[in-house]
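Subject: Structure handover

Hello,

Here is the structure you asked for. Please open it beside this message and follow along; my notes come after it.

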Amino acid sequence: MAERRALIAALFLISLGGLLLHYRIHPFLIPDKANPAILIFSGTKLVASLLSFVDVVIVPLLFLSRRTALYGYLLNGLLVIYGSVLMAHFSIAGLAGKTFPVSELILRSTLPDIAIAWTDFFIGKALYDSYMNAPVSQSA
Amino acid sequence: MIQYFLRYKPGWWILHIIAVSATFWLGAGVRFTF
């Protein structure tokens, strides 16, 4: 179905955008300030890229077939919940670290990013519903 | 009690135990420094 292919493309592209943004904003190998030749590894920042990578590679693959769409939907939902909790935690930690004032809580926190993560979830939901509502013969 | 556990397939339990463990592991592991 053409609509389903468009939804899978949307899911792939929105998660690819997420992965690239995460890697750009929170690179997990950072040059040491004292000696830029040495790279410092951050496990927390790796998690940001790793979960986004799973969202780019595994979730669209699971959504390709009706048999695995349920697992795609579950994994996608789990990743969006992890993303929401971790991004909100990151913002609260930033607030405590005074990286932005409380008055800018809506625009400069990760609230817009959390909204994008939920868009990813609802694209997955539309895909899952399209598999479950279609007759088995049409749903590959 | 046992009937409660048998209401769901083993895969359901395995999946949930993995998800809950991963959540705790992530929560314990992340450190946001500013």
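Predicted model: local features only at pLDDT ≥ 70, side-chain atom pairs only at ≥ 80, totals over all residues.

Helix 3 of chain A covers residues 66–96, and at 1.5 Å a residue it should span 45 Å; the end C-alpha atoms are 45 Å apart, so the two agree. After this helix comes A:Lys98, with a positive phi near 55°.

Confidence

For chain A the average pLDDT is 92, and 97% of the residues score at least 70. Among the elements of chain A, helix 4 has the highest mean pLDDT, 96, while strand 1 (residues 29–31) has the lowest, 90. Chain B averages 89, with 100% of its residues at 70 or above. For the complex, the predictor gives a pTM of 0.88 and an ipTM of 0.78.

Helix 2 of chain A

Two residues to look up

A:Ser65 sits in the loop between helix 2 (43–62) and helix 3 of chain A. Is A:Ser65 partly exposed or buried? It has 13 C-beta neighbours inside 10 Å, so it counts as partly exposed; a buried residue would need 20 or more. A:Ser65 and A:Ser52 are 13 residues apart along the chain, and their C-alpha atoms are separated by 21 Å.

A:Phe122 belongs to helix 4 of chain A, residues 111–133. It has 11 other C-beta atoms within 10 Å and is therefore exposed, the cut-off for that being 12 or fewer. Between A:Phe122 and A:Asp55 there are two separations to compare: 67 residues apart in sequence, and 14 Å apart in space from C-alpha to C-alpha.

The nonpolar core

The largest nonpolar core has 19 residues. Those with the most contacts inside it are A:Leu11, A:Val59, A:Leu62, A:Phe63, A:Ala69, A:Leu127 and A:Tyr128. Helices 1, 2, 3 and 4 of chain A are the elements that give two or more residues to this core. Helix 3 of chain A gives the most, with nine residues. Leaving aside residues up to four places away in sequence, A:Tyr128 touches A:Ala69 and A:Tyr73.

Chain B has two helices and zero strands. Its C-alpha trace spans about 50 × 15 × 10 Å along its principal axes. What share of the 34 residues in chain B is buried? The share is 0%.

The contact between the chains takes 12 residues from chain A and seven from chain B. On the side of chain B that touches chain A, five residues are nonpolar, one is polar and one is charged.

Regards

Methods:
Residues numbered from 1 in each chain as written. Chains lettered and ligands numbered in written order. Contact = placed C-beta atoms within 7 Å. Nonpolar A, V, L, I, M, F, W, Y, C, P; charged D, E, K, R; others polar. pLDDT = per-residue confidence, 0-100. Helix = DSSP H or I, 4+ residues; strand = E, 2+ residues; numbered from the N terminus. Expected span 1.5 Å × (residues − 1). Core = buried A, V, L, I, M, F, W, Y, C linked by C-beta atoms within 7 Å.
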